[in-house]
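Keep the sequence at hand as you read.

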Amino acid sequence: MLTLGGPSYRYCDGRSRRSFLKLGALAMGGLGLPGLLRAEQAAGIGRSHKAVIMVYLSGGISHQDTFDLKPEAPAEIRGEFNPIDTALPGVRFGELLPMLSRSADKLAVIRSIVGLRDEHTSWQNLTGYPMTQAQREGKPHFGSVVSRVQGVVDPVVPPFVDLFPTMQHRPYNSGGPGHLGLSYAGARLGDGDQELMTQTTVEPARFDRRRALLDRFDDWRRDVDSQPVAGLDAFYQRAFNVLTSDTVARALDVTKEDPKVRDRYGIGSSKHLGDGAPMWNDQLLMARRLVEAGARVVTVAYGFWDTHGNNFNHLRNHLPLFDQGISALVDDIHARGLDQDVTVVVWGEFGRTPKVNKDAGRDHWAPVSNALIAGGGLNVGQVIGSTDKHAAYAVASPIHYQDVLATVYHAMGIDPHAFVDDLAGRPIPILPSTARPIRALI
């Protein structure tokens with residue numbers, strides 16, 4: 001649930017201020033766009049439904065053992081896995097990725113991402129800025145930018161849905177809307193909210209209780225000091241409409257999917273790994289169903305890849321499910337004719353050290369990392385960039401991580417150098433002028 005920061009105080013009914021601010025997670029996030037909706041309605045038009053599904057690999061996956069193997073390197077560099085051929089001639093992935101290897105013609109693999117800091121956060125991937133800078137300057141989540149610029153496709157479907165659960169390592173969790181204001185935050189559907197939205201598993205009385213709690217918003221708001229909640233009452237009815245509509249509930253209910261499709265994804269588990277995310281492949285399927293229902297941005301946190309020790313056994317245990325789920329998502333986007341409109345991005349906060357440490361692990365390595373991109377009408381079926389013989393540094397076509405987000409914005413039809421107004425009406429650039437869409441993909 002979306003939680004606004006601040007101290008925790010108890011009201012007489014036993015609810016804390018913080019719990020109150022968590023009550024309206026769906027009500028307060030990504031739903032308040034009345035001006036945009038009125039303008040669209042007056043013009044008698046909608047907007048094209050471009051969308052993006054971003055899968056964040058919490059902890060930073062080992063690029064040397066997945067998409068950039070170095071079989072000729074010394075043993076302490078190359079690790080324990082062998083490369084296998086893919087659908088792209090001359091391109092090889094790790095042996096634990098046979099399904100993605102067969103789908104490689106639908107992927108662009110970027111092997112030369114640079115510019116990342118050694119910080120265990122999702123903020124660089126989701127905002128385009130390091131966490132401390134993003135927090136200091138109010139840089140918004142890219143989903144909030146898309147919500148602000150493009151608005152909704154369907155009035156009862158949030159334009160930005162965040163499926164991140166609350167992870168133990170707090171910086172893995174999503175950043176907020178920053179200077180855009182709370183009305184452009186994502187609708188948080190992690191931590192059990194899927195159950196709330198799936199109406200078949202929730203008693204109607206629970207919705208009545210939720211409405212009663214939201215009805216108390218005006219009374220409680222005057223007791224909440226120094227919190228960015230001004231104006232949220234304008235989004236109350238819209239939020240409840242989302243809660244009571246079955247559109248999002250149907251999208252989240254993967255039991256309604258063709259059993260063969262769900263089996264192709266693999267189900268996984270909602271149990272967290274380490275201090276990071278679960279490997280819950282149902283969420284990958286939910287993401288596809290949500291964009292079909294009208295969401296523009298869906299973000300998924302997936303797995304735990306901070307393998308300082310036992311790297312190779314960890315990957316043996318977890319890469320097969322990753323391989324199944326990500327390849328299923330990519331193949332599904334194509335099978336359903338969404339590959340021109342839906343962009344899929346899969347990446348983490350950095351790579352891993354070339355040299356295997358004394359604990360059979362790989363440590364943090366910010367100088368270079370990988371990303372997978374599919375769909376979006378982009379030029380996939382290629383590898384972009386390369387690293388040296390130890391997969392330590394980019395030697396061809398270095399791609400700044402901000403360029404990945406610039407490409408996402410471009411695929412969404414948004415100029416990454418455009419400006420959006422903050423709460424005070426000041427124009428703020430979406431990304432720095434140095435960020436450019438990746439030419440090879442466009």
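Helices (H or I, at least four residues) and strands (E, at least two) are DSSP runs, numbered from the N terminus. This is a predicted model, in which local features need pLDDT of at least 70, side-chain atom pairs count only at pLDDT 80 or more, and totals for chains, interfaces and linings use all residues. Residues are numbered from 1 along each chain as its sequence is written, and side-chain values use heavy atoms, with hydrogens and water left out.

The protein has 17 helices and 17 strands. Of its 442 residues, 59% count as buried (under 20% relative accessible area with a 1.4 Å probe, protein chains only; exposed is over 50%, partly exposed in between). The accessible surface is about 17300 Å², and carbon and sulfur atoms hold 50% of it (Shrake-Rupley method, 1.4 Å probe). Contacts are heavy atoms within 4.5 Å. Among contacts with a separation of 6 or more, 75% join residues 24 or more positions apart.

Now the interior. A nonpolar core is a set of buried Ala, Val, Leu, Ile, Met, Phe, Trp, Tyr and Cys residues joined through side-chain atoms within 4.5 Å. The largest one has 57 residues, and those with the most contacts inside it include Val-55, Phe-93, Trp-305 and Phe-322. Helix α16 (residues 311-335) gives the most to this core, nine residues. Another core lies apart from it, with 47 residues, among them Ala-134, Tyr-172, Leu-405 and Ala-406.

Look at Trp-305. Beyond four places in sequence, Trp-305 touches Leu-57, Ile-61, Met-279, His-318, Phe-322 and Arg-352, among others.

On a 1 Å grid over the protein atoms alone, a cavity is a set of points where a 1.4 Å probe fits but cannot get out; lining residues have an atom within 4 Å of a point. Points are joined across faces, edges and corners, and volume is the space filled by probe spheres set on them. Four cavities reach 30 Å³ or more. Strands β8 (342-348) and β11 (369-375) each supply at least two lining residues. The largest share, three residues, comes from β11.

Finally, confidence. The pLDDT (the predictor's confidence in each residue, from 0 to 100) averages 84, and 76% of the residues score at least 70. Over residues 1-47 it is below 50, yet this stretch has 115 contacts beyond near neighbours in sequence. Residues 217-234 also stay under 50, with 33 contacts beyond four places in sequence. Where pLDDT is low, the predicted coordinates should not be read in detail.

Definitions and conventions: On a 1 Å grid over the protein atoms alone, a cavity is a set of points where a 1.4 Å probe fits but cannot get out, and a pocket is an open set with protein on both sides within 12 Å along at least five of seven lines; lining residues have an atom within 4 Å of a point.
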